[in-house]
Amino acid sequence: MAFTDRHGGVSAGPYGTRNLGGAVGDDPGAVAENRAKTAAEFGLDRVVFMRQVHGTDVAYAEQPFGDEPPALDGVFTDRPGLGLAVLVADCAPVLVADPVAGLVGGAHSGRPGTEAGVVPALVEAMAARGARPERMVAVIGPSACGLCYEVPEDLRERVAARVPETWSRTRHGTPALDIRAGIAAQLALAGVADVRHDDRCTIETADLYSYRREQRTGRFAGYVWLTGA
Ligand SMILES: [Zn+2]
């Protein structure tokens, strides 16, 4: 498991430099080079990218989806050496592994995905293939924190009605959502005992891309993979 940042790539301007997102307006050649460089650094031959749509669909993958990936926000595999990438810039990349079952997965859980439960959907899909939540390790990656992610009052109320732990307020006292707390609660409810955090806030960390901070920007990613036998 690893999270990239914005350094060490070839993208220019607002995408500088290691943008891994293919749908944000960056030069496709630069994105391809950044993806290849990142895969090589992690020792991965192949990497699965999803077409993320803030939904709850999860799929098993045994190889990359190719040029037209399906609309998914969660993916898992049992194939050693196959990387799974979750692209983000404020949404949370959530990486999950059951080393005993030999399954790893990743989910893209921002505000809509957390509200709809994409992380529980991933845990459930992996469990249906032999993983056990009590053996899983989950990492909630860098994302907008509950002190920064300001939202309208009615949105806070709506999301908190479904996931109470998301209710938050900013440093200025205005309505906010704590997506990470919501995901941690969802993982606990799903029976995942070992939940770890990369506490970096994207909005507060210049080394990471943040849509809230910059609007026109790139995407960093969480990567998860099984090492070969
Ligand atoms: Zn923050």
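Which residue in β7 is the bridge partner of Ala 92? Here are my notes, with that pairing taken up in point 3.

1. **Ground rules.** Please keep in mind that this is a predicted model, where local features need pLDDT of at least 70, side-chain atom pairs count only at pLDDT 80 or more, and totals for chains, interfaces and linings use all residues. Residue numbers start from 1 along each chain as its sequence is written.

2. **Overall build.** The protein has 6 helices and 12 strands; these are DSSP runs numbered from the N terminus, helices being H or I of at least four residues and strands E of at least two. Its radius of gyration is 17 Å, which agrees with the value near 17 Å for a compact globule of 229 residues (taken over C-alpha atoms; the globule rule is 2.2 Å times the number of residues to the power 0.38). Along the principal axes, the C-alpha atoms fill a box of roughly 50 × 45 × 25 Å.

3. To answer the opening question, Ala 92 has Ser 109 as its bridge partner in β7. Strand β6 (residues 92-98) pairs with β7 in the antiparallel sense over 7 bridges; strands count as paired if DSSP finds at least two bridges between them. The two form a hairpin with 4 residues between them, and Gly 102 in the turn has a positive phi of about 70 degrees.

4. **The other neighbour of β7.** Strand β4 (residues 74-77) runs antiparallel to β7 and is joined to it by 4 bridges. Here Phe 76 stands opposite Gly 105, while Val 75 stands opposite Gly 106.

5. **The sheet.** These strands belong to an open sheet of 6 strands with mixed pairing, in the order β3-β4-β7-β6-β8-β11. Its edge strands, each pairing on one side only, are β3 (58-60) and β11 (194-197). Helix α3 packs on the sheet and touches β3, β4, β6 and β7, its direction making about 165 degrees with that of β7. Contact means C-beta atoms, placed from the backbone, within 7 Å; axes are lines fitted to C-alpha atoms, for helices over the stretch in contact, and angles run from 0 to 180 degrees between N-to-C directions.

6. **Both faces of β7.** In a regular strand the side chains alternate between the two faces of the sheet. On one side of β7 lie Leu 103, Gly 105, Ala 107 and Ser 109, on the other Val 104, Gly 106 and His 108, and all are buried. Buried means that 20 or more other C-beta atoms lie within 10 Å of a residue's own; 12 or fewer makes it exposed, and anything in between partly exposed.

7. **The core.** The largest nonpolar core holds 59 residues, of which Ala 85, Val 94, Val 96, Leu 122 and Ala 138 touch the most other members. Helix α3 (residues 118-127) gives the largest share, 7 residues. Such a core is a set of buried Ala, Val, Leu, Ile, Met, Phe, Trp, Tyr and Cys residues joined through C-beta atoms within 7 Å. Leaving aside residues up to four places away in sequence, Val 96 touches residues including Val 104, Leu 122 and Ala 138.

8. **Backbone spots to look at.** A cis peptide bond joins Gly 16 and Thr 17, with omega about -15 degrees. Asp 90 has a positive phi near 115 degrees and counts as buried, because it has 24 C-beta neighbours inside 10 Å. Gln 215 also has a positive phi, near 55 degrees, but Gln 215 is exposed, with 9 other C-beta atoms within 10 Å.

How values were computed: Two residues are in contact if their C-beta atoms, placed from the backbone, lie within 7 Å.
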